[in-house]
Amino acid sequence: MDTSLSYCPMDGLPIEIVEMIFDRLDLESLKSLSLTCHRWERLFFQYCSRRFVLRIDEKITLDVDVAFMNYEDRRMEKYLLCEEKMKVAVIMLEQTQRVYRTVHIDFHLELATVIYKLKILNRLFKPHLLQQLTVLKLDMGNDPVMHASDISRAVQKMENLQELYIAFNVRTPHTTECYTMHLVNPTLQKLVIKGITPYVVDCANLWKLDVAESLHVESIIGGKLQRGVDFTGHECYWKIDQLTELSIVNDLKFNLTTRSSILRFYRQLCNVTRLYLYGHTLTQETLQVICESCVQLEEFTIGNLQMDDPNALRYLSNLPNLRQFGIWKILNGNPLSFASVKLPKLEKLLLGCMAIDWPSLASVRSISWLKIKPGPVIDAPICRALSGTFAHLRFLWIDVHTTRVARELLAQLPQMHWLETLVLENIVHLRTLKTLPALPQLERLIIYRCSKKVYERYYNNEALAKLVRDIRWVRAGQKIVEERGIKDSFEC
């Protein structure tokens, strides 16, 4: 018998290549493939087992009529059902042989006591489960201290952990700093924290950090307490100098007597390529330090800017690789000017509702993607900018929160011959879409967040369909847009 006839070239492929092939097949094709031979059946099982997500949540349906139960009785009934559900989860965790790469624990108030009572985290964080986890998501209750030590010990033992999401439902923001939360892991790459401020973050391979809390700068750089050491002898610090992406939703706090600490914080971020700052107000001095220290920035978003000089954005010229820039608010009355800005690679620009020197935008003609939120009164320079400076745009996003704004801006669109995608946000009045002119050059119109009456009147409207070939409706409840980096489904 010629053994060469029984040899299949696919048998020699590495598992990584096989899994890449599986990723491109639908479920029915995968099922058929698994029936080919024993080897493919085994590979299929291993592939699927790595995609399983273990989820433990507090979604409980009461079978009894709650209308005749008072609040305490309903609460007790739900608590007992939660406890029973968690007991089943405990048995499953102890007996399962399935390989889980992703675990998501989602509980808030009802399950917090049950989780602690039954030691769910202790059972979940057993060695055989810890070693295989790559993604851990924890939506916890309102008491970070209750679980902080268990989480810290478990994270330190996870040898394959790549992504960690920790969120607490803390109602008092000033209590989010947790001295018992120490996140130390050599393999972690992405970290998202909300409702808690860990005392230590030491992850050598961490490149992406999202923080949705107010941060004390002195803690992060190890200078809040004397020599960065607390009364227990533990050093308090965050290792952030290796980060390439940082997002801070709330404010950065610092002692007024040591204002230089915030400048030291930004000087550590020399490797950052994406920086998104919200809530925190940048001064002109801080902006200068960022632009001089973070010279590799490719994406940069500012929530609030306190500037003394209308040409404060001139420091952006120190960022030769900047491709996307956004600013939402300036805290003085002077119009924001781009006259002294030299950014040859800038492609995307996001401008909030503020005074802008629109003629100065002629210095950033390289952009092809623009989002604007005009004020209640439209002046001629905005219209001239759209029909002149930005006539070459391929993507335009307008927050049309007033009818007058929509009418005057939409009238400029026929002169934008290269426009391919148009996003109209916050359409409240029917008159807004009535003023939309015919746009034969447009490939896609996206209606994002509109009133109910606008949706009912214009969804599948034939007259509107004649103006634009492809129309997409995105309701406010759909989490399509990620404002921070504008990495959304609209991007072309």
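## Tyr459 and Trp473

Tyr459 counts as partly exposed in this predicted model, because its relative accessibility is 40%. Its aromatic partner is Trp473, with 6.0 Å from centre to centre and 70 degrees between the planes, an edge-to-face arrangement. Trp473 has a relative accessibility of 14% and therefore counts as buried.

Nine aromatic pairs turn up in a search of the whole structure. One of them joins Trp397 and Tyr448: the ring centres are 6.1 Å apart and the planes stand at 90 degrees, so this pair is edge-to-face. Trp397 is in strand 18 (residues 395-399) and Tyr448 in strand 20 (residues 444-450), 51 residues apart, and the pair links distant parts of the chain.

Trp397 counts as buried because its relative accessibility is 0%. Tyr448, with a relative accessible area of 6%, is buried as well. Both residues belong to one aromatic cluster, together with Trp369 and Phe395. Trp397 also has a charged neighbour: Lys371 lies over the face of its ring, at 4.1 Å from the centre.

## Cysteines

How many disulfides does a search of the whole structure find? The count is zero. A disulfide is a covalent bond between the sulfur atoms of two cysteines. For Cys291, the closest cysteine sulfur is in Cys294, at 8.2 Å; a disulfide would need the sulfur atoms within 2.5 Å, so this distance is too far for a bond.

Cys291 has a relative accessible area of 0% and is therefore buried. Cys353 is partly exposed, because its relative accessible area is 39%.

## Helix 11

Thr286 is part of helix 11, which covers residues 284-293. Its relative accessibility of 4% is why Thr286 counts as buried. Apart from neighbours within four places in sequence, the contacts of Thr286 are with Leu263 and Tyr266.

Strand 3 (residues 135-139) is mostly covered, with four of its five residues buried. Strand 3 pairs with strand 2 (residues 102-106) in the parallel sense, over five bridges. Within this pairing, Lys137 of strand 3 is the bridge partner of His104.

Strand 3 also runs parallel to strand 4 (residues 163-167), and five bridges join these two. Here Leu136 has Leu164 of strand 4 as its bridge partner. Strands of a sheet pair through backbone hydrogen bonds, either parallel or antiparallel.

## The sheet 5-7-10

An open sheet is formed by three strands in the order 5-7-10, with parallel pairing. Strand 5 (177-184) and strand 10 (237-238) are its edge strands, each pairing on one side only.

Strand 7 (residues 197-202) is joined to strand 10 by two bridges, again in the parallel sense. Val200 stands opposite Tyr237, which is in strand 10.

## The chain as a whole

The protein chain contains 16 helices and 21 strands. It has 492 residues, of which 47% count as buried. Among contacts between residues at least 6 apart in sequence, 66% join residues at least 24 apart.

## Confidence

Mean pLDDT for the protein chain is 78, and 71% of the residues reach 70 or more. Where does pLDDT stay under 50? One such stretch is residues 223-233, for which the model has 18 contacts beyond four places in sequence. Residues 477-492 also stay under 50, and for them the model has 52 contacts beyond four places in sequence.

Where pLDDT is low, the predicted coordinates should not be read in detail.

Terms used:
Residues numbered from 1 in each chain as written. Predicted model: local features only at pLDDT ≥ 70, side-chain atom pairs only at ≥ 80, totals over all residues. Heavy atoms only, no water. Buried < 20%, exposed > 50% of the residue type's maximum accessible area, 1.4 Å probe, protein only. Contact = heavy atoms within 4.5 Å. pLDDT = per-residue confidence, 0-100. Phe/Tyr/Trp six-rings, centres within 6.5 Å; stacked < 30°, edge-to-face > 60°. Lys NZ or Arg CZ within 6 Å of the ring centre and 35° of its normal. Pairing = 2+ DSSP bridges.
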